[in-house]
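I opened this entry to look up the ligand site and then the helix packing. My notes follow in the order I checked things.

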Amino acid sequence: PEAITIQELANRMAERAVDVIRLLMKQGQMLKINDVIDADTAELIATEMGHTVKRVSEADVEEGLFDAPDEAADTQPRPPVVTIMGHVDHGKTSLLDALRHANVVAGEAGGITQHIGAYQVEQNGQKITFIDTPGHAAFSAMRARGAKVTDIVVLVVAADDGVMPQTVEAISHAKAAGVPLIVAINKIDKPDANPERVRTELLRHEVQVESLGGDTLEVEVSAKAKTNLDKLLEVILLQSEVLELRANPDRAAEGIVIEAKLDKGRGPVATVLVDRGTLKVGDIVVAGSEWGRVRALLDDHGANVNAAGPAMPVEVLGFQGTPDAGDRVAVVENEARAREITEYRIRQKRENVAKRASGSRGSLEQMMS
Ligand code: GTP
Ligand code: MG
């Protein structure tokens, strides 16, 4: 059954906690501000203090927050979200940097202005969203929650080193998530590069590239010599075409927190990848147990934008507290709703912790007896 602390009950009624405690005392219950009372007692107290009670279940609170899939007719093509994975030192970061540099728009000759956890690159007028390093906190958090963030995995394998433990790990992650792989055989500029060996080694892990008669797309690249970077982008677009990625941009935004930090000057800053709808300045957003009114949106070049559509990563300013990487983000109608949802989630979290604590005590007692 539901339970609530005296403090929370008082807050919800906009009454003083001492008055609640006094009333309880009259009924013979000696309780303190942080003590928990059950829902029936809470209802009795609230009614006695002249409030009308509406019990909310999880279904009520979370209802409509993450809607059913969009009607196909409302959707439009959206950019693919791509994650680069691979073994240590095989060139993931170098490749991402090279792809981004190759795409720095004219006039922005200063180059990369800012690091955010995700960014977009444009190829032939089509956008591709990249999520930075796979070891990313968000990635593990999202994997743990079974959330699907990425549409395509680019598996980087160094041609001079071949398939290594983390290569194999990345393959199994992609397979488990049901996400298509594109193999980027990197460092082909090196004298001891042996892309043929990479291909045969991959076969042993059930990855059959096209040149060996399979259907896994592959590109030989060099992040250092900037070889075949355009080709890699084109192969990504080819793969994404097959996936027919679509989303409805004309609805309240939903997305996921890629990373979040508390910035000294700017307060909580969350990098959010919108997955459907359009996030706008002024929107009220909830993410996990945090909420806020969007004060500013910054793109991956640090420029202010008014809105972010599907697959666009943006820094979101305006959260009251710092959400967690992997938290789902949703726009809600107003502040009251945002408060209701986040307070409910905080309470759930607390109750779960309490449940776990009492559960483990129970088993300890069993062990001792
Ligand atoms: P971790 O993040 O530590 O897992 O490594 P990473 O996969 O991001 O590799 P990173 O990009 O840091 O590159 C590792 C080393 O390989 C660096 O010294 C790069 O300069 C070098 N490197 C990356 N790509 C190439 C390439 O195409 N050719 C050559 N010759 N060296 C490369
Ligand atoms: Mg790296």
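This is a predicted model: local features need pLDDT of at least 70, side-chain atom pairs count only at pLDDT 80 or more; totals for chains, interfaces and linings use all residues.

**Ligand shell.** I found 15 residues around ligand 1. The closest are K92, T93, S94, D189 and A223. I then sorted the shell by class. It holds 7 polar, 6 charged and 2 nonpolar residues.

Which helix gives the most to this shell? I looked it up: helix α5, residues 92–101, does, with 3 residues.

**Polar contacts of the ligand.** Next I went through the side chains that reach N or O atoms of ligand 1. For D189, a side-chain N or O atom lies 2.7 Å from a nitrogen atom of ligand 1. For N186, a polar side-chain atom is 3.1 Å from an oxygen atom of the ligand. For S222, I read 3.2 Å between a side-chain N or O atom and an oxygen atom of ligand 1. How much of the ligand's accessible area does the protein cover? Ligand 1 has 650 Å² on its own, and the protein covers 68% of that.

**Helix α5 against α9.** I stayed with α5 and turned to its packing. Its axis and that of helix α9, residues 229–243, come within 10 Å. The two axes cross at roughly 90°. Angles of 65 to 115 degrees count as roughly perpendicular, so I noted α5 and α9 as roughly perpendicular to each other. Which residues make the contact? From α5, I listed L95, A98 and L99. From α9, I listed L229, L232 and L233. By class, this contact has 6 nonpolar residues, with no polar and no charged ones.

**Helix α2 against α3.** I then checked a second pair. Helix α2 covers residues 17–26, and helix α3 covers residues 39–48. Their axes come within 11 Å and cross at roughly 110°. That angle also falls in the range of 65 to 115 degrees, so α2 and α3 are roughly perpendicular to each other. On the α2 side I wrote down V20, L23 and L24. They meet T41, I45 and E48 of α3. How do the residues of this contact divide by class? I got 4 nonpolar, 1 polar and 1 charged.

**Recap.** Around ligand 1, I have a shell with 7 polar and 6 charged residues. Between α5 and α9, I have a contact of 6 nonpolar residues.

Key: Residues are numbered from 1 along each chain as its sequence is written. Chains are lettered from A and ligands numbered from 1 in the order in which they are written. Side-chain values use heavy atoms; hydrogens and water are left out. A residue is near a molecule or strand if one of its heavy atoms lies within 4 Å of it. A polar contact is a pair of N or O atoms within 3.5 Å; within protein, one must be able to donate a hydrogen and the other to accept it, and residues adjacent in sequence count only if both atoms are side-chain atoms. Accessible areas come from the Shrake-Rupley method with a 1.4 Å probe; for residues, only the protein chains shown count as cover. Helices (H or I, at least four residues) and strands (E, at least two) are DSSP runs, numbered from the N terminus. Ala, Val, Leu, Ile, Met, Phe, Trp, Tyr, Cys and Pro count as nonpolar, Asp, Glu, Lys and Arg as charged, and the others, Gly among them, as polar. Axes are lines fitted to C-alpha atoms, for helices over the stretch in contact, and angles run from 0 to 180 degrees between N-to-C directions. Angles under 35 degrees count as roughly parallel, over 145 as roughly antiparallel, 65 to 115 as roughly perpendicular and the rest as oblique. Contact means heavy atoms within 4.5 Å.
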